[in-house]
Amino acid sequence: MMQFMLLFSRQGKLRLQKWYVPLSDKEKKKITRELVQTVLARKPKMCSFLEWRDLKIVYKRYASLYFCCAIEDQDNELITLEIIHRYVELLDKYFGSVCELDIIFNFEKAYFILDEFLLGGEVQETSKKNVLKAIEQADLLQENQNEDWGGLSDDIL
């Protein structure tokens with residue numbers, strides 16, 4: 001099971017974090033700081049897997065963002081690498097060539113996509129088509145609600 005996923009920039013700025021295990025804020029900050037430093041210090045040609053504490057860390061760099069996951073010792077690193085890649089593909093499909101700014105300004109969508117894909121640190125839906133369909137439906141629902149509220153606020157004013 002995945003313990004957590006972190007997205008951070010080459011400058012070490014945290015862009016997204018999803019924790020699947022209960023930890024204190026202090027512990028989360030300590031882990032984040034330590035892992036960001038560790039991953040950024042590694043050379044580009046080095047392996048994307050490393051042992052850290054009692055976990056395995058799997059990371060992949062896409063453009064200016066690092067996607068970093070912590071998994072349990074018995075979990076498969078290659079499947080985790082595929083999970084990271086699938087999440088990037090979903091972001092790409094939704095945003096149309098995703099970039100760091102998309103994550104910064106639309107972080108709630110990035111979280112929503114992650115939640116549609118992963119649940120409790122386990123893959124919930126393997127089909128990109130099904131995940132994207134769920135996201136489109138949520139977008140339509142949100143648009144309809146905004147239109148309903150828009151008309152209501154006009155009536156009040």
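This is a predicted model: local features need pLDDT of at least 70, side-chain atom pairs count only at pLDDT 80 or more; totals for chains, interfaces and linings use all residues.
Tyr59 stands opposite Cys68 in β5.

**Strand β5 and its partners**

Strand β5 (residues 65-72) is mostly covered, with 7 of its 8 residues buried. It runs antiparallel to strand β4 (residues 55-62), to which 8 bridges join it. The hairpin of β4 and β5 has 2 residues between the strands, and Ala63 takes a positive phi near 55° there. Strand β1 (residues 2-9) is also antiparallel to β5, joined by 7 bridges; in this pairing Met2 stands opposite Ile71.

**Salt bridges**

A search of the whole structure finds 8 salt bridges.

| Pair | Distance (N to O) |
|---|---|
| Arg15 and Glu100 | 2.8 Å |
| Arg53 and Glu34 | 3.3 Å |
| Asp139 and Lys109 | 2.3 Å |

Arg15 and Glu100 meet through their side chains. Because Arg15 lies in strand β2 (residues 14-19) and Glu100 in helix α3 (residues 100-105), the pair ties together parts that are 85 residues apart in sequence. Arg15 is partly exposed at 24% relative accessible area, whereas Glu100 is buried at 15%.

Asp139 forms a salt bridge with Lys109. Asp139 lies in helix α5 (residues 128-156) and Lys109 in helix α4 (residues 107-117), so this pair ties together parts 30 residues apart in sequence. Asp139 is buried, with a relative accessible area of 16%, and Lys109 is buried with 13%. Elsewhere, salt bridges that share partners join Glu27, Glu34 and Arg53 into one network.

**Charged surface**

Lys26, Lys29, Lys30 and Arg33 form a positive surface patch. Of these, Lys29 lies in helix α1 (residues 25-41) and is exposed, with a relative accessible area of 57%.

Note on methods: Residues are numbered from 1 along each chain as its sequence is written. Side-chain values use heavy atoms; hydrogens and water are left out. Patches are made of residues with over 30% relative accessible area and no salt bridge: like charges are joined within 9 Å, nonpolar side chains (Val, Leu, Ile, Met, Phe, Trp, Tyr) within 5 Å. Accessible areas come from the Shrake-Rupley method with a 1.4 Å probe; for residues, only the protein chains shown count as cover. A salt bridge is a side-chain nitrogen of Lys or Arg within 4 Å of a carboxyl oxygen of Asp or Glu. Lys and Arg count as positive and Asp and Glu as negative; His and the chain ends are not counted. The place of a charge is taken as NZ of Lys, CZ of Arg, CG of Asp or CD of Glu. Helices (H or I, at least four residues) and strands (E, at least two) are DSSP runs, numbered from the N terminus. Buried means under 20% relative accessible area, exposed over 50%, partly exposed in between (1.4 Å probe, protein chains only). Two strands pair if DSSP finds at least two bridges between them.
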